[in-house]
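Subject: Structure for you to look at

Hello,

Here is the structure I said I would pass on. Please look through it first, then read my notes below.

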Amino acid sequence: MTAVTLALLLVLALWLLYVGRPWGAWVIPIGLGLVVWSLAGEGAGAGLWAVGILYALAVLALGFAPVRRALLT
């Protein structure tokens, strides 16, 4: 099950890159992977919630062009 999920997420990321959506190619598959992992209940403890919250904050911060320019340049 895990290998199939990872393969599907990789295909999704590659497709998003192919259609010209680089931001979505790293945001959507990782986010879906975290959601699937938490729903499966495999190790869904405080560590997974912390990673999910940090990931959401990074996505929100880097999703806006002015904030991204200020942080990365």
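Of the contacts in the chain with a separation of 6 or more, 35% are between residues 24 or more positions apart. Please keep in mind that this is a predicted model.

Overall picture

The chain has four helices and zero strands. Read from the N terminus, its elements run α-α-α-α. The C-alpha trace spans about 40 × 30 × 15 Å along its principal axes. Of the 73 residues in the chain, 16% are buried. The accessible surface comes to about 5,400 Å², and 79% of that belongs to carbon and sulfur atoms.

Helix α2

Helix α2 covers residues 22–40. Does its length agree with what its residue count predicts, or disagree? At 1.5 Å a residue, its 19 residues should span 27 Å, and the end C-alpha atoms are 28 Å apart, so the two agree.

Which residues of α2 are buried? They are G24, A25, V27, P29 and L34. These buried residues pack against α1, which is residues 2–18, and against α3.

S38 lies in helix α2. S38 counts as partly exposed because its relative accessibility is 29%, which falls between the limits of 20% for buried and 50% for exposed. The C-alpha atoms of S38 and W49 are separated by 8.4 Å, and the two residues are eleven apart along the chain. Just after α2 comes G41, which takes a positive phi of about 80°.

On the α1 side, L6 is found in helix α1. L6 counts as exposed because its relative accessibility is 55%. L6 and P29 are 23 residues apart in sequence, while their C-alpha atoms are 9.1 Å apart in space. P29 is one of the buried residues of α2.

The aromatic rings

How many aromatic pairs are there? The count comes to two. One of them joins W23 and W26: the ring centres are 6.4 Å apart and the planes are at 80°, so this pair is edge-to-face. The cut-offs behind that are ring centres within 6.5 Å and, for edge-to-face, planes over 60 degrees apart.

W23 and W26 are three residues apart in helix α2, so about one helical turn separates them. An α-helix has 3.6 residues a turn, so residues three or four places apart point the same way. W23 is partly exposed, with a relative accessible area of 38%. W26 is also partly exposed, at 32% relative accessibility.

W26 also pairs with Y55, again edge-to-face, at 6.1 Å centre to centre and with 85° between the planes. This pair links distant parts of the chain, since W26 is in helix α2 and Y55 is in helix α3 (residues 46–62), 29 residues apart. Taken together, the ring pairs link W23, W26 and Y55 into a cluster.

Is Y55 buried or exposed? Y55 is buried, because its relative accessible area is 16% and the limit for buried is under 20%. Leaving out residues up to four places away in sequence, Y55 touches W26, V27, I28, I30, G31 and L34. V27 and L34 are among the buried residues of α2.

The nonpolar patch

Which residues make the nonpolar surface patch? They are L60, F64, V67, L71 and L72, and the patch is about 520 Å². Helix α4, residues 65–72, gives the most to the patch, with three residues. V67 has its place in helix α4. At 34% relative accessibility, V67 counts as partly exposed. A patch residue needs over 30% relative accessible area, and V67 has 34%.

Start with the ring cluster of W23, W26 and Y55. Then go to the buried residues of α2, which pack against α1 and α3. End with the patch that includes F64 and V67.

Regards

Notes
Residues numbered from 1 in each chain as written. Predicted model: local features only at pLDDT ≥ 70, side-chain atom pairs only at ≥ 80, totals over all residues. Heavy atoms only, no water. Patch = residues over 30% accessible without salt bridge, like charges linked within 9 Å, V, L, I, M, F, W, Y side chains within 5 Å. Areas by Shrake-Rupley, 256 points an atom, 1.4 Å probe, with all protein chains shown as cover. Salt bridge = Lys/Arg side-chain N within 4 Å of Asp/Glu carboxyl O. Helix = DSSP H or I, 4+ residues; strand = E, 2+ residues; numbered from the N terminus. Buried < 20%, exposed > 50% of the residue type's maximum accessible area, 1.4 Å probe, protein only. Phe/Tyr/Trp six-rings, centres within 6.5 Å; stacked < 30°, edge-to-face > 60°. Expected span 1.5 Å × (residues − 1). Contact = heavy atoms within 4.5 Å.
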